[in-house]
Amino acid sequence: MAHMDTASPSPSLPPRPSAPPRPPVAPDRPGGRPSRRTALVAAAVLAAVVTLTVVLATSGHDRHHSSASTGLPAARGSVDGAAFHGPDADLLVLDGVSGRVQVTADPGATTVTGIFTGADPARHSTVRTDLDAAFGTRALTVRCAVDGGPYAPCAGELRLTVPSHTGLRLRQTSGDTVLTGLGGDLTVVTTSDHLTATGLHSRRASVTVTSGSADVAFTAAPDRLTAQITSASAVLRVPVTGANDGYAVTSSATSANVQVAVPRRDGSPHEVVVQAISASASVVPTTG
């Protein structure tokens with residue numbers, strides 16, 4: 001019998017095990033795709049956070065513009081200046097200001113209004129008005145702040161409009177001062193300043209000028225005008241009319257020159273007192 005070789009079958013590889021099924025991912029499981037409900041919740045939370053951030057930022061910004069003791073809001077500033085207003089006052093107090101100050105009396109005004117622009121117009125300015133009992137029951141002080149800092153004497157350009165009866169107490173350290181039409185009592189102290197005043201009808205006025213100049217003109221004869229001029233020059237202009245035929249003038253000069261060109265009359269109800277030190281001063285009639 002013929003012998004036949006039969007090939008041994010090749011050993012077969014074991015079958016590859018199939019991959020186990022991937023477990024389902026919970027909708028809110030990290031790494032899984034968020035569900036629509038989760039996305040909506042996240043959007044709502046983000047909106048709430050943004051709203052809260054805006055509210056807090058606005059609240060923090062406005063705390064620098066809180067109400068003054070008058071109950072009026074402090075003014076918010078801009079490159080055009082900080083507009084502000086205060087109540088009617090018998091006396092306006094500007095203590096230690098510098099720059100350009102302009103105070104104008106308006107017969108139709110019933111409140112104090114104004115605008116302030118700081119020395120750097122690009123910086124944020126605010127103004128505060130306070131009734132200050134230290135100067136009287138209806139004395140209004142004006143202070144300014146820059147970039148949320150503390151309130152202090154205004155330095156820059158300050159323009160105010162006041163009622164015609166309002167007086168002024170001003171101490172200015174440098175700059176220019178323009179006063180127009182004031183009718184209340186006047187006390188002005190300036191240093192290294194150029195003072196110009198017109199249309200005054202104050203009954204009592206005191207002017208102190210150091211290292212600067214002053215030109216002060218009255219349209220109504222003051223009951224008492226005093227001027228102390230040191231290392232400066234000053235012209236005091238008072239009306240001379242038939243109803244007012246003279247002034248009781250007292251003057252003193254130390255290394256100075258004082259000229260009086262108005263009629264003198266002892267016992268006049270209108271008194272002018274001038275003291276000059278290393279200065280020049282003159283008392284002349286108001287013209288125009």
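Student: Let's start with rings: how many aromatic pairs does the structure hold?
Tutor: Zero aromatic pairs turn up. A pair here means rings of Phe, Tyr and Trp (its six-membered ring) with centres within 6.5 Å; planes under 30 degrees apart count as stacked, over 60 as edge-to-face and the rest as tilted. Before we go on, this is a predicted model, where local features need pLDDT of at least 70 and side-chain atom pairs count only at pLDDT 80 or more, while totals for chains, interfaces and linings use all residues. Residues are numbered from 1 along each chain as its sequence is written, and side-chain values use heavy atoms, with hydrogens and water left out.

Student: OK, and which residue lies over the face of Tyr151?
Tutor: That is Arg128, at 5.9 Å from the ring centre. The rule for a charge over a ring is NZ of Lys or CZ of Arg within 6 Å of the ring centre and within 35 degrees of the ring normal.

Student: What about the overall make-up, how many helices and strands are there?
Tutor: The chain has one helix and 18 strands. These are DSSP runs numbered from the N terminus: helices are H or I with at least four residues, strands E with at least two.

Student: And how much of the chain is buried?
Tutor: Buried residues are 35% of the 288 in the chain. Buried means under 20% relative accessible area, exposed over 50%, and partly exposed in between (1.4 Å probe, protein chains only).

Student: Which residues touch the most other members of the largest nonpolar core?
Tutor: Leu92, Leu94, Val103, Leu160, Leu168, Leu179 and Leu182 do, in a core of 50 residues. Strand β3 gives the largest share of this core, six residues. A nonpolar core is a set of buried Ala, Val, Leu, Ile, Met, Phe, Trp, Tyr and Cys residues joined through side-chain atoms within 4.5 Å.

Student: Pick Leu179 then. What is Leu179 in contact with?
Tutor: Setting aside neighbours within four places in sequence, Leu179 contacts Val103, Leu168, Leu186, Val188, Leu195, Thr196, Ala197 and Thr198. Contact means heavy atoms within 4.5 Å.

Student: New topic: how many disulfides does a search of the whole structure find?
Tutor: One, counting a pair of cysteine sulfur atoms within 2.5 Å as a disulfide. Cys144 and Cys154 form it, with their sulfur atoms 2.0 Å apart.

Student: Where do Cys144 and Cys154 lie?
Tutor: Cys144 is in strand β6 (residues 139-146) and Cys154 in the loop between β6 and β7 (155-163), so the pair ties together parts that are 10 residues apart in sequence.

Student: Why is that disulfide of Cys144 and Cys154 called right-handed?
Tutor: Because the torsion about the S-S bond is about 80 degrees. Cys144 is buried at 5% relative accessibility, and Cys154 is buried too, at 2%.

Student: Now Thr190, is that one buried or exposed?
Tutor: Thr190 counts as buried, at 0% relative accessibility. Thr190 sits in strand β9 (residues 186-191), and its contacts beyond four places in sequence are Gln172, Thr208, Val209 and Thr210.

Student: Last one: what is phi of Ser211 near?
Tutor: Near 50 degrees, a positive value in a residue other than glycine. Ser211 is in the loop between β11 (204-210) and β12 (213-218), and is partly exposed at 38% relative accessibility. Phi of Ser255 is also near 50 degrees; Ser255 lies in the loop between β15 (248-254) and β16 (257-260) and is exposed, at 66%.
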